[in-house]
Amino acid sequence: MCLTAYTAPMAEMLDPHCDLLLVGDSVGMVIHGLPNTVGVTMEMMIMHGQAVMRGAKQAMVVVDMPFGSYEGSSEVAFNNAARLLKETGAAAVKVEAGPQVAKTIAYMVERGIPVMGHVGLRPQAVNIDGKFRAKGRTAEEREQVLAEARAADKAGAFAIVVEGVDEALVPEISAAVSAPTIGIGASAACDGQILVTDDMLGIFDWTPKFVRRYANLKAEIDKAAAGYAADVRARRFPAAAETYSLSKARQARVAQGDKRG
Ligand code: KIV
């Protein structure tokens, strides 16, 4: 059971329920308002990774490697992954496992970095794909997703996130790999599931089809903010019990010039 987390209090709330907390690069869109994950930096992942580590008690914490931090060469990838683990204290990193990345996964795993792969809909490839869209609808795409999963598995990925693929492809992926599969927009047949926490909490008006909402926090927040604004404007807040004031005895002592109050 996995969810994303980006902050210490959210990690603390989710931790008792989760085997794994992912500090996803979705943080760029969810928290920083970016249009996609391409603009996410190492510094952002480190800052949010540190926050989540402060809140997580028992769940394994995995930090996403941002776009541009691992594709150039295996050496660059290793250095960035090592920095993420050293500076956050997280247990592992995740990479989007496109065709060229398998050798980098092997390089990092051989040097002591646990790596999770991510196949199918790879959000960091949005500028190649043109938009976020489910994969595996053509024979060529199915073969490509299978090849990505096989390569990540062979390279030593300890688990593989399978995102946005035709449901019928999942049994084939599961049969082709030995690593556990973690589905998102994939199938209940995956070994585990992950969702972006803010999606399932109902923070956004729009969510992808595969999200199930377990709460409607946007409406709750709207109601709370409107209630607070109305109370402040009508001077109903703060009430006496929400202010600091001197007791009658202390008021009297102060009036008599007692400096101790
Ligand atoms: O960045 C992220 O949150 C992810 C999950 C959607 C798997 O990669």
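The ligand sits in the largest pocket. Here a pocket is an open set of points on a 1 Å grid over the protein atoms alone, with protein on both sides within 12 Å along at least five of seven lines, and a molecule sits in one if more than half of its atoms lie within 2 Å of its grid points. The model is predicted, so local features need pLDDT of at least 70 and side-chain atom pairs count only at pLDDT 80 or more, while totals for chains, interfaces and linings use all residues. Residues are numbered from 1 along each chain as its sequence is written, and side-chain values use heavy atoms, with hydrogens and water left out.

The distance to a side-chain N or O atom is 2.5 Å for Ser26, 2.8 Å for Lys94 and 3.1 Å for Asp64. The protein covers 95% of the 250 Å² of accessible area that the ligand has on its own (Shrake-Rupley method, 1.4 Å probe).

Turning to aromatic rings, a search of the whole structure finds one pair (centres within 6.5 Å). Tyr228 and Phe237 form this pair, with 5.8 Å from centre to centre and 70° between the planes, an edge-to-face arrangement (over 60 degrees). Tyr228 is exposed, at 51% relative accessible area, whereas Phe237 is partly exposed, at 36% (exposed means over 50%, buried under 20%, and partly exposed in between).

Terms used
A polar contact is a pair of N or O atoms within 3.5 Å; within protein, one must be able to donate a hydrogen and the other to accept it, and residues adjacent in sequence count only if both atoms are side-chain atoms. On a 1 Å grid over the protein atoms alone, a cavity is a set of points where a 1.4 Å probe fits but cannot get out, and a pocket is an open set with protein on both sides within 12 Å along at least five of seven lines; lining residues have an atom within 4 Å of a point. Rings of Phe, Tyr and Trp (its six-membered ring) pair if their centres lie within 6.5 Å; planes under 30 degrees apart count as stacked, over 60 as edge-to-face and the rest as tilted. Buried means under 20% relative accessible area, exposed over 50%, partly exposed in between (1.4 Å probe, protein chains only).
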